[in-house]
Amino acid sequence: MNTIGILTSGGDAPGMNSAIRAAVRTALNNGMRIKGIRNGYDGLMKGDIYEMNVSSVADIIHKGGTILGTARSTDFKNKEGQERGAQILSDYGIEGLIVIGGDGSFKGAKALSDLGIKTIGIPGTIDNDMGYTDYTIGFFTAIETVIDAIGKLRDTSSSHGRAVVIEVMGRNCGDLGLYSGLAGGAESIIVPEHEFSIDDIVEKMEHGRKRGKLHHLITLAEGVGDPYSIARELEERTGIETKVTILGHVQRGGAPSSVDRLLGSTMGSRAVELLLEEKTGLAIGYVDGKLIEVDIDQAVGKKSQFDENLYELANNLSK
C-alpha cells in the first residue's frame, strides 16, 4: 500500500488532531503518502483532497477540533453516492482510508470497505456512546469542560442559595452526565438509562437545605427531559430558586486532555499499521487498558453499557 487518506466526520471531538498527527507521521515514517480529505464525506464527494506532510501536522496535538474540518453529506448516504466516493478515492490513488468519527462515520467506512477501499475506523465523539470501546476520543476532555462549568456554577449558586439544572450533551448515552456529575460533585444526575423521580430530587434539595447546603447541582443528559420544565417544578415544590444552564457546543471545544491526546496518538498510529497489514473494515477501540480491533459492523451494532456501579456510587455520595 503506497497511498492512504484520512478524514474526520460527524461532530468534532478534542483529540482528533492527535489522531491525525499520529497517522500522518506514522505513514510518512513507513514511506507512504497520505492525503487529507477536508470536511468529511462531503469533502470526499467534492474531491477536496490534498497531500499531507510533516509540516501539515506540526503544532496541532494541543488543539481542539479537527484541522481537516467536518461536515454532513446527504449525497454520500445512498449507494450511488458511496460508489462515487470510492471512485474518487481511486482516482486520487488512495488505497486505504482512515475515518475518525462516530456510528454514522463508521457506517460510511464500512460501505467503502465493501466497495474495495480498505478502511479503518477510529472512535471520535464526546458522547462515549460506542459500546465496543471503553472510551472514545474527546470524552475525557468534555468531562473536564463540564466539571469546570459545574465548579463555577457551584460558586454562584452558593452565593444566591440557588439550585441549577445543567444540561450536558450525550444524546441517548448518559456517560457524560454521569462521569461529570460524579467528578463534579453534583447532587442529582438525570440520564436516559434510568427513570428519574422529581420526588427524589425534591427530597434531596429539602434535606440539603435543612443541613445548611446553599446549592443543589443537577446534571441532565440532553433529551431526557425539558430542563426548564424540570427547574420550574423543582422551584415550585421546594421554594428554592432554580436556574437552567445549557452548556451546548462549548463541550466539544478546548485543548484535548492528556488522555485524549494519548488515545488519539495510539489509535492514529495503529490505524496506519493495520492498513500496512492490508486489513480492512475494522474499528480500533480501547478495552481494559489495551487497544483492540473489531469488525466495524460489530462496533456499530454494539450498545453502550451504562456503568450501574458508578451511578449507584454517585447517588450514595450525594446523600
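Student: How many residues of domain 1 are in contact with domain 2?

Tutor: In domain 1, 12 residues are in contact (heavy atoms within 4.5 Å) with 12 residues of domain 2. This is a predicted model, in which local features need pLDDT of at least 70 and side-chain atom pairs count only at pLDDT 80 or more, while totals for chains, interfaces and linings use all residues. Residues are numbered from 1 along each chain as its sequence is written, and side-chain values use heavy atoms, with hydrogens and water left out.

Student: Which residues belong to which domain?

Tutor: Domain 1 covers 3-137 + 256-301, and domain 2 covers 140-252; the bounds come from an automatic or database domain assignment. Taken over C-alpha atoms, the centres of domain 1 and domain 2 are 35 Å apart.

Student: And how much area do domain 1 and domain 2 bury between them?

Tutor: About 1200 Å² is buried between domain 1 and domain 2, and 55% of that is on carbon and sulfur atoms. Buried area is the accessible area (1.4 Å probe) lost when two parts are put together, summed over both. On the domain 1 side, Ile126, Asp127 and Tyr135 lose the most area to domain 2, together 44% of what that side buries.

Student: What about salt bridges: how many cross the interface of domain 1 and domain 2?

Tutor: The rule finds three across that interface of domain 1 and domain 2, a salt bridge being a side-chain nitrogen of Lys or Arg within 4 Å of a carboxyl oxygen of Asp or Glu. Asp127 also forms a salt bridge with Arg171, with 3.3 Å between the closest N and O atoms.

Student: New topic: where does the largest pocket lie?

Tutor: The largest pocket lies between domain 1 and domain 2, because both give residues to its lining. Its volume is about 550 Å³. Of its 27 lining residues, Gly10, Gly11, Arg72, Gly104 and Ser105 are the closest to its centre. On a 1 Å grid over the protein atoms alone, a pocket is an open set of points where a 1.4 Å probe fits, with protein on both sides within 12 Å along at least five of seven lines; lining residues have an atom within 4 Å of a point. Points are joined across faces, edges and corners, and volume is the space filled by probe spheres set on them.

Student: Which residues line the second largest pocket?

Tutor: Its lining includes Asp103, Asp129, Arg171, Glu193 and Lys303. The second largest pocket holds about 270 Å³ of space.
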